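Visitor: I am new to this structure. Please show me how to read its features.

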Amino acid sequence: MPWIKQDMCTSCSLCVNECPAGAIELNADGFAEIDEAECIRCGRCHDVCPEDAVRHDGERIPQEVAENLRWVRRLLGHFQDSQEQAAFMERMVRFFNKQKKVRERTLAAITAAEDKPVAGIDAAILGLSKNRTTDSSKE
Ligand code: SF4
Ligand code: SF4
């Protein structure tokens with residue numbers, strides 16, 4: 001998904017006006033900001049921006065990893081004892097493994113639905129709601 005590097009944005013609103021999903025607004029500081037939940041990933045904002053301020057998603061991977069690590073580091077501050085710290089780290093490994101599993105299964109369902117996207121996604125959701133056996137395995 002595209003994102004906006006705000007120190008490059010001049011608040012011209014071209015992307016706001018071009019977005020077919022109404023997913024961009026100028027925030028309180030006057031810079032464009034994309035609502036991830038509404039963005040349909042069409043790329044028009046990227047094409048129209050005269051400042052090259054609309055950036056590709058992959059550029060954010062290091063930043064997002066750093067955010068995760070800062071979060072883990074902050075929570076680690078609750079534990080002084082090395083054994084407690086180790087136990088907490090194991091819990092975080094389980095948490096991120098679960099996140100990975102959710103993403104992998106979402107990706108598999110989307111890939112399987114490529115030929116008939118609407119029917120395929122609906123069938124996948126129906127299948128999941130019928131089969132609510134929680135995966136209690138601890139990865
Ligand atoms: S088109 Fe570019 S410079 Fe203009 S508001 Fe959008 S992101 Fe900012
Ligand atoms: S990629 Fe398309 S839908 Fe998403 S913010 Fe840009 S113009 Fe809007």
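Visitor: How much space lies in the largest pocket?

Guide: Rolling a probe the size of a water molecule over the atoms shows where empty space is left. Here the largest pocket holds about 480 Å³. A pocket is an open set of points on a 1 Å grid over the protein atoms alone, with protein on both sides within 12 Å along at least five of seven lines. Grid points are joined across faces, edges and corners, and the volume is the space filled by probe spheres set on them.

Visitor: Which residues are closest to the centre of the largest pocket?

Guide: They are Glu64, Val65, Asn68, Phe96 and Arg103, out of 16 lining residues. Lining residues have an atom within 4 Å of a point. This is a predicted model: local features need pLDDT of at least 70, side-chain atom pairs count only at pLDDT 80 or more, and totals for chains, interfaces and linings use all residues. Residues are numbered from 1 along each chain as its sequence is written, chains are lettered from A and ligands numbered from 1 in the order written, and side-chain values use heavy atoms, without hydrogens and water.

Visitor: How many disulfides does the structure hold?

Guide: A disulfide is a covalent bond between the sulfur atoms of two cysteines. The structure holds zero disulfides, counting pairs of cysteine sulfur atoms within 2.5 Å.

Visitor: Is Cys39 buried or exposed?

Guide: Cys39 is buried, because its relative accessible area is 13%. Cys45 is buried too, at 8%. Buried means under 20%, exposed over 50%, partly exposed in between (1.4 Å probe, protein chains only).

Note on methods
1 Å grid on protein atoms, 1.4 Å probe; cavity = no way out; pocket = protein on both sides within 12 Å on 5 of 7 lines; lining within 4 Å.
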